[in-house]
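The exercises below go through one structure in steps. Each task is followed by a worked solution.

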Protein chains: 2
Amino acid sequence: MNLILLHPRELTNQHVTLTGRRAEHIRKILRATVGDTLRVGMLGGLLGTGCIREMAGNTVLLEVQLTSEPPPLPPTDLILAVPRPIMLKRVLAQAASMGVSRIFLVNANRVEKSFFSSTLIQSNDFTEPLCLGLEQAMDTRLPEISVHPRFRPFVEDFLPGLLRDCPIRLLAHPEGDRTIAQAAEGLLGQPDQRAILAIGPEGGWVDFEVQRFKEQGFMPFSLGARILRVDTAVPALLGQLSLLRQIP
Amino acid sequence: MNLILLHPRELTNQHVTLTGRRAEHIRKILRATVGDTLRVGMLGGLLGTGCIREMAGNTVLLEVQLTSEPPPLPPTDLILAVPRPIMLKRVLAQAASMGVSRIFLVNANRVEKSFFSSTLIQSNDFTEPLCLGLEQAMDTRLPEISVHPRFRPFVEDFLPGLLRDCPIRLLAHPEGDRTIAQAAEGLLGQPDQRAILAIGPEGGWVDFEVQRFKEQGFMPFSLGARILRVDTAVPALLGQLSLLRQIP
């Protein structure tokens, strides 16, 4: 937790009273005391500092100054075939820590049906794993998340509207005949260029799915001979997109 | 498990008898039966196929043909400040799946002392987490691993010999004034160029450590404003090095 994340509703006259996980972190890990200043961030808003004014029992009272913008948000959207719940939590935290705009959790032929009835998906509340990523990366902006239990309506009905301002459409697929450098050439030196990246389930997308994505202008690319687990593929690919945007 | 990994000592006249985790995977996950052909790989050697000749109780007898080279191994070495044990296992699997030559597990000021007395480090046997990565990525080559409980002798006495054929020396450091694209410019379009990458502990390298690395020609680079957890930073950075090598 490199950042204490606050919710707008918690703030009253620039003060916030923390309990639970955040207060415990301040007391036990940071070992901070009254007068110390901590990095804080307002969910969806600015970064700043929180000065500890009181500590009593399990609570910590902070006086908050919010002053600076969070780090730039890469204009990347992620389509993710739903992985098993423990992996989903990890990948959501990873993606939030690297920065993505939107995450679309979709069904696919090789997604196990039971994954959609997991507590996390059923609750439709992904704040907790996403906040772990934001606290780590010192960002305040939650990616938007939506769940799409039916593949075909997602690709055929939902995607076209989304893709209008997004020329870079990438499909990770072992049988792709391009590298990511070739498929995402249009990102080179374009930090503000939007991109959307689709990552399949264990075992990959099936042909039907690849065809539907291709019809929407997605370019299949291969990561090489190595098949990566989703918690390795997501940071590797987001890192590569970020690098392409930096190279002149 | 995209690949059934075999140990050289297990092979007798092109046959191998499997029990335990691999046999269970073949029976329960792959649901394979006698006559089916599976992807196999010899640890440190070739990839090939295994045809199921017998299945009885918990054992599976394979007839093995080893025919093809594993995927190219990126000539990258990784210096890693030892993370907590659960994270170390995950990162070793990630690194093995993306392919690295050597991993140096080192001490640093902000590494918790207890991490060095973990069962995994004390056993000095990292085969299990590494094999999980190789099975995933369909590779057969274990990275070499060594443990260095004292930072200064590692950097001052051990590193210089290692660095002779390795001009690209990278130090991940939030206060670095270069991007990885600038620090690793010499990798551009050079798939065979060696590189060594040092990744610090939670909280980063301290100044003393940064200075010692700089004296050995390491170039500090920043990943940007975002502080990443090691299981996100390792795949992101290995992905970026791999991409730099591909770009002409």
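**Exercise 1. Describe the fold of chain A in outline.**

Solution. Start with the contacts in chain A between residues at least 6 apart in sequence: 74% of them join residues at least 24 apart. The model is a predicted one. Next, list the secondary structure: chain A has eight helices and eleven strands. Then take the dimensions: along the principal axes, the C-alpha atoms of chain A fill a box of roughly 60 × 45 × 35 Å. Last, turn to burial and surface. Of the 248 residues in chain A, 53% are buried. The chain exposes about 11200 Å², and carbon and sulfur atoms supply 48% of that area.

**Exercise 2. Explain why H4(A) counts as largely enclosed, and find what covers it.**

Solution. First apply the cut-off: a residue is buried if its relative accessible area is under 20%. Eight of the eleven residues of H4(A) are buried, so this helix is largely enclosed by the rest of the structure. Next, name the buried residues: A:Pro129, A:Leu130, A:Cys131, A:Gly133, A:Leu134, A:Glu135, A:Gln136 and A:Ala137. Then look for the cover, which includes strand S1 (4-6), helix H1 (20-29), H2, strand S7 (102-106), helix H3 (119-123) and strand S8 (144-148) of chain A. Finally, check the residue just after H4(A): A:Met138 takes a positive phi of about 60°.

**Exercise 3. Work out how chain A and chain B meet.**

Solution. Begin with the residues involved: 34 residues of chain A are in contact with 34 residues of chain B. The area buried between the two chains is about 2600 Å², and carbon and sulfur atoms give 59% of it. In chain A, A:Arg226, A:Ile227 and A:Leu243 lose the most area to chain B, together 26% of what that side buries.

Now consider the polar links. The rule finds two salt bridges across the interface. In a salt bridge between the side chains of A:Arg226 and B:Asp139, the distance from N to O is 3.1 Å. The rule also finds 14 residue pairs in polar contact across the interface.

Next, assign the side of chain A that touches chain B to elements. Those giving two or more residues are helix H2 (85-98), helix H4 (127-137), helix H6 (180-183) and helix H8 (230-246). H8(A) gives the largest share, ten residues. To finish, sort the residues of that side by type: 18 are nonpolar, eleven polar and five charged.

Definitions and conventions: Residues are numbered from 1 along each chain as its sequence is written. Chains are lettered from A and ligands numbered from 1 in the order in which they are written. This is a predicted model: local features need pLDDT of at least 70, side-chain atom pairs count only at pLDDT 80 or more; totals for chains, interfaces and linings use all residues. Side-chain values use heavy atoms; hydrogens and water are left out. Contact means heavy atoms within 4.5 Å. Buried area is the accessible area (1.4 Å probe) that two parts lose on being put together, summed over both. A salt bridge is a side-chain nitrogen of Lys or Arg within 4 Å of a carboxyl oxygen of Asp or Glu. A polar contact is a pair of N or O atoms within 3.5 Å; within protein, one must be able to donate a hydrogen and the other to accept it, and residues adjacent in sequence count only if both atoms are side-chain atoms. Helices (H or I, at least four residues) and strands (E, at least two) are DSSP runs, numbered from the N terminus. Ala, Val, Leu, Ile, Met, Phe, Trp, Tyr, Cys and Pro count as nonpolar, Asp, Glu, Lys and Arg as charged, and the others, Gly among them, as polar. Buried means under 20% relative accessible area, exposed over 50%, partly exposed in between (1.4 Å probe, protein chains only). Accessible areas come from the Shrake-Rupley method with a 1.4 Å probe; for residues, only the protein chains shown count as cover.
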